[in-house]
Amino acid sequence: MWHTNSSSSGLSIILVAMATLDPPPPALTLSPFVSLRISVSIQGAAKRAVEKLHRRCPYIFGAERVETIEEARAVWQRVKREEQQREEEEEVEREGAKSAKALE
């Protein structure tokens, strides 16, 4: 069974910690508004990165198993292609809805 022990899993742990902190970690304070925006932005980016890792690494965070790093890369690429296809389909649907609404 292949499991990662690289620095990427350390990054995942850090991102999980950042995404789940409440309140968010202190931000660079230039002004109260800038500070809040930076903090929310960092927390949001960390949350999205963790969600992406969970989706694309079912062999680490889910039930899927791989034997080699090549299999892990293939899973990552497969999930990435599926995400891209889903995004393209959603974009076509949005454009179709806009066109239909414009014809009304």
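## Overall layout

Helices here are DSSP runs of at least four residues, numbered from the N terminus. In this predicted model, the elements of the protein chain follow the order α-α-α-α from the N terminus on. The protein chain has 4 helices and 0 strands.

The protein chain holds 104 residues, and buried residues account for 18% of them.

## Salt bridges within helices

Side chains of opposite charge can pair when their charged atoms come close. A salt bridge count for this model gives 7.

One of the pairs is Glu 51 with Lys 47, whose closest N and O atoms are 3.5 Å apart. Glu 51 and Lys 47 sit 4 residues apart in helix α2 (residues 32-56), so about one helical turn separates them. Glu 51 is partly exposed, at 35% relative accessibility, and Lys 47 is partly exposed with a relative accessible area of 46%.

Another salt bridge joins the side chains of Glu 95 and Lys 98, at 3.7 Å from N to O. Both residues belong to helix α4, where they are 3 residues apart, about one turn of the helix. Glu 95 counts as partly exposed at 37% relative accessibility. Lys 98 has a relative accessible area of 55% and counts as exposed, because the cut-off for exposed is over 50%.

Arg 78 and Glu 64 form a salt bridge through their side chains, with an N to O distance of 3.4 Å. This pair links distant parts of the chain: Arg 78 is in helix α4, while Glu 64 is in the loop between α3 (58-61) and α4, 14 residues apart. Arg 78 is partly exposed, with a relative accessible area of 32%. Glu 64 is also partly exposed, and its relative accessible area is 27%.

## A buried glutamate and its partners

Glu 83 is located in helix α4. Its relative accessible area is 6%, so Glu 83 is buried, the cut-off for buried being under 20%.

The side chains of Glu 83 and Arg 56 are joined by a polar contact of 2.8 Å. A network of salt bridges links Glu 83 with Arg 55 and Arg 56.

## A negative surface patch

Glu 87, Glu 88, Glu 89, Glu 90 and Glu 93 form a negative surface patch. Among them, Glu 88 is placed in helix α4 (residues 69-103). Glu 88 is exposed, and its relative accessible area is 56%. Helix α4 thus contains both the buried Glu 83 and the exposed Glu 88.

How values were computed. Residues numbered from 1 in each chain as written. Predicted model: local features only at pLDDT ≥ 70, side-chain atom pairs only at ≥ 80, totals over all residues. Heavy atoms only, no water. Patch = residues over 30% accessible without salt bridge, like charges linked within 9 Å, V, L, I, M, F, W, Y side chains within 5 Å. Areas by Shrake-Rupley, 256 points an atom, 1.4 Å probe, with all protein chains shown as cover. Salt bridge = Lys/Arg side-chain N within 4 Å of Asp/Glu carboxyl O. Lys, Arg positive; Asp, Glu negative; His and termini not counted. Charge placed at Lys NZ, Arg CZ, Asp CG, Glu CD. Helix = DSSP H or I, 4+ residues; strand = E, 2+ residues; numbered from the N terminus. Buried < 20%, exposed > 50% of the residue type's maximum accessible area, 1.4 Å probe, protein only. Polar contact = N/O pair within 3.5 Å; in protein donor to acceptor, adjacent residues only side chain to side chain.
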